[in-house]
Amino acid sequence: MNDYINSPDPRDDLVLFYLLKNELDKVFQQLRDYEQVSFEDKKVGVYKHLKKLMPCFDVIAEVAKMDSVQSLITLTRMVVDNYSIHYLLTSFGTKGEQQLRYYLFLLDATTSRINTAKDFYANVLFPLPEETINNSKIVIQLDEKAVCDIKALIKKKGLNIGVDSTIIDNVNWKFKDKNPAKKSNNRYKWHELYSLARIPEHQSRLIQNYYSSYVHGLGMSLIPIYENIDIFKALAYSTCNQVMPLLIKTLLLEFAEETKQVNLNKFVRIVMEDCWNLEKK
């Protein structure tokens with residue numbers, strides 16, 4: 001592996017994949033101080049969000065050794081979705097907008113868990129242990145308090161100023177315009193988020209229109225465009241090789257102080273800047 005890392009061949013997607021993953025791991029390891037800190041700090045949420053994504057690249061490499069196109073494409077689509085959210089929260093719009101999106105992102109998660117838990121426990125068909133019921137009530141109460149706390153933070157930090165109230169009421173962290181003249185269609189679609197996150201437009205359309213057919217088990221997954229499994233593996237690696245350098249760049253910008261001592265591989269730095277500046281070419 002070290003031979004690959006020291007002497008990469010840019011024509012080899014697999015070699016580049018492992019090189020990029022090695023450098024992404026190197027950067028991510030500098031962020032461990034955010035492991036036990038409050039979610040009030042956006043950097044904590046960004047760290048936690050990325051922490052759950054990091055092992056997925058290794059999983060893709062393992063799945064690529066199998067013949068499951070469905071699994072490979074589903075995992076790849078998931079990686080792009082998560083990266084697009086990460087970019088939206090760290091690198092798109094003003095710092096104030098990023099902070100507002102982050103709090104709305106937390107509100108969305110918290111209110112969704114409250115509603116899911118209430119629905120499940122109200123409709124479960126078999127008796128549950130009393131301890132389980134009591135624990136669920138405690139979680140719901142804590143989540144309801146968290147909702148109030150997050151909304152209070154939004155007001156305290158003035159993030160609601162000049163923002164249409166429906167955005168906060170609907171926890172719309174994908175909003176296009178903070179104060180739209182028209183209230184409808186003020187939410188980015190996934191393929192739009194991909195493009196915002198510097199994924200090339202043609203690749204964004206492929207992920208949204210083609211990959212989603214595999215994620216949701218639609219008819220096109222029965223009649224694939226490509227018959228050769230190796231093509232799907234190459235697509236998976238090339239997509240990851242687009243996402244990982246962009247992740248590295250966002251982390252170097254979002255966590256500039258924490259990562260200032262990181263000595264990136266020179267080749268990776270070139271790839272990173274090429275991917276970041278692709279839209280300008």
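Modeller: Contact here means heavy atoms within 4.5 Å. By that rule Gln203 touches Thr239 and Gln242, leaving out residues up to four places away in sequence. The model is predicted.

Colleague: Where is Gln203, and why is Gln203 called buried or exposed?

Modeller: Gln203 sits in helix 9, residues 201-215. Buried means under 20% relative accessible area. Gln203 has 12% relative accessibility, so Gln203 counts as buried.

Colleague: What puts Asp81 in its class, and what does Asp81 touch?

Modeller: Asp81 is found in helix 4. Its relative accessibility is 14%, against a limit of under 20%, so Asp81 is buried. Asp81 touches Trp190 and Tyr194, again not counting residues up to four places away in sequence.

Colleague: How do you know that the span of helix 6 agrees with its number of residues?

Modeller: Helix 6 runs over residues 130-156, which is 27 residues. The expected span is 1.5 Å times one less than the number of residues. That gives 39 Å, and the end C-alpha atoms are 39 Å apart, so the two agree.

Colleague: Which residues of helix 6 are buried, and what covers them?

Modeller: Ser136, Ile140, Asp143, Val147, Ile150, Leu153 and Ile154 are buried. The cover includes helix 5 (95-123) and helix 7 (165-169). Just after helix 6, Gly158 takes a positive phi of about 70°.

Colleague: What makes the phi of Val171 worth a remark?

Modeller: Most residues other than glycine have a negative phi. Val171 is not a glycine, yet its phi is positive, about 40°. Val171 lies in the loop between helix 7 and helix 8. With a relative accessible area of 13%, under the 20% limit, Val171 is buried.

Colleague: Where does Asn185 lie, and is Asn185 buried or exposed?

Modeller: Asn185 lies in the loop between helix 7 and helix 8, and its phi is positive too, near 55°. Exposed means over 50%. Asn185 has 66% relative accessibility, so Asn185 counts as exposed.

Colleague: Why is Asn170 called partly exposed?

Modeller: The class in between runs from the buried limit of 20% to the exposed limit of 50%. Asn170 has a relative accessible area of 47%, so Asn170 is partly exposed. The place of Asn170 is in the loop between helix 7 and helix 8. The C-alpha atoms of Asn170 and Asp108 are separated by 8.4 Å, although these residues are 62 residues apart along the chain.

Colleague: How many aromatic pairs are there, and what makes Phe92 and Tyr188 a pair?

Modeller: The whole structure has 13 aromatic pairs. Rings pair if their centres lie within 6.5 Å, and planes over 60 degrees apart count as edge-to-face. The ring centres of Phe92 and Tyr188 are 6.2 Å apart and the planes stand at 80°, so this is an edge-to-face pair.

Colleague: Why do you say that the pair ties parts together?

Modeller: Phe92 lies in the loop between helix 4 (69-90) and helix 5, and Tyr188 in the loop between helix 7 and helix 8 (190-196), so the pair ties together parts 96 residues apart in sequence. Phe92 is partly exposed, with a relative accessible area of 22%. Tyr188, at 14%, falls under the 20% limit and counts as buried.

Colleague: Why is the pair of Phe105 and Trp173 called edge-to-face?

Modeller: The ring centres of Phe105 and Trp173 are 5.0 Å apart and their planes are at 85°, so the pair is edge-to-face. Phe105 is in helix 5 and Trp173 in the loop between helix 7 and helix 8, so the pair links distant parts of the chain, 68 residues apart. Trp173 counts as buried because its relative accessibility is 6%.

Colleague: Which residues form an aromatic cluster?

Modeller: Tyr210, Tyr211, Tyr214 and Phe232 form one.

Colleague: What lines the largest pocket, and which helix supplies the largest share?

Modeller: The largest pocket holds about 380 Å³ of space. Its lining has 21 residues, and Phe39, Tyr102, Leu106, Ala109 and Thr110 lie nearest its centre. Helix 5 supplies the largest share, 7 residues. Helix 3 (42-63), helix 5 and helix 6 each give at least two. The lining divides into 11 nonpolar, 4 polar and 6 charged residues.

Technical notes. Residues numbered from 1 in each chain as written. Predicted model: local features only at pLDDT ≥ 70, side-chain atom pairs only at ≥ 80, totals over all residues. Heavy atoms only, no water. Helix = DSSP H or I, 4+ residues; strand = E, 2+ residues; numbered from the N terminus. Buried < 20%, exposed > 50% of the residue type's maximum accessible area, 1.4 Å probe, protein only. 1 Å grid on protein atoms, 1.4 Å probe; cavity = no way out; pocket = protein on both sides within 12 Å on 5 of 7 lines; lining within 4 Å. Points joined across faces, edges and corners; volume = space filled by probe spheres on them. Nonpolar A, V, L, I, M, F, W, Y, C, P; charged D, E, K, R; others polar. Phe/Tyr/Trp six-rings, centres within 6.5 Å; stacked < 30°, edge-to-face > 60°.
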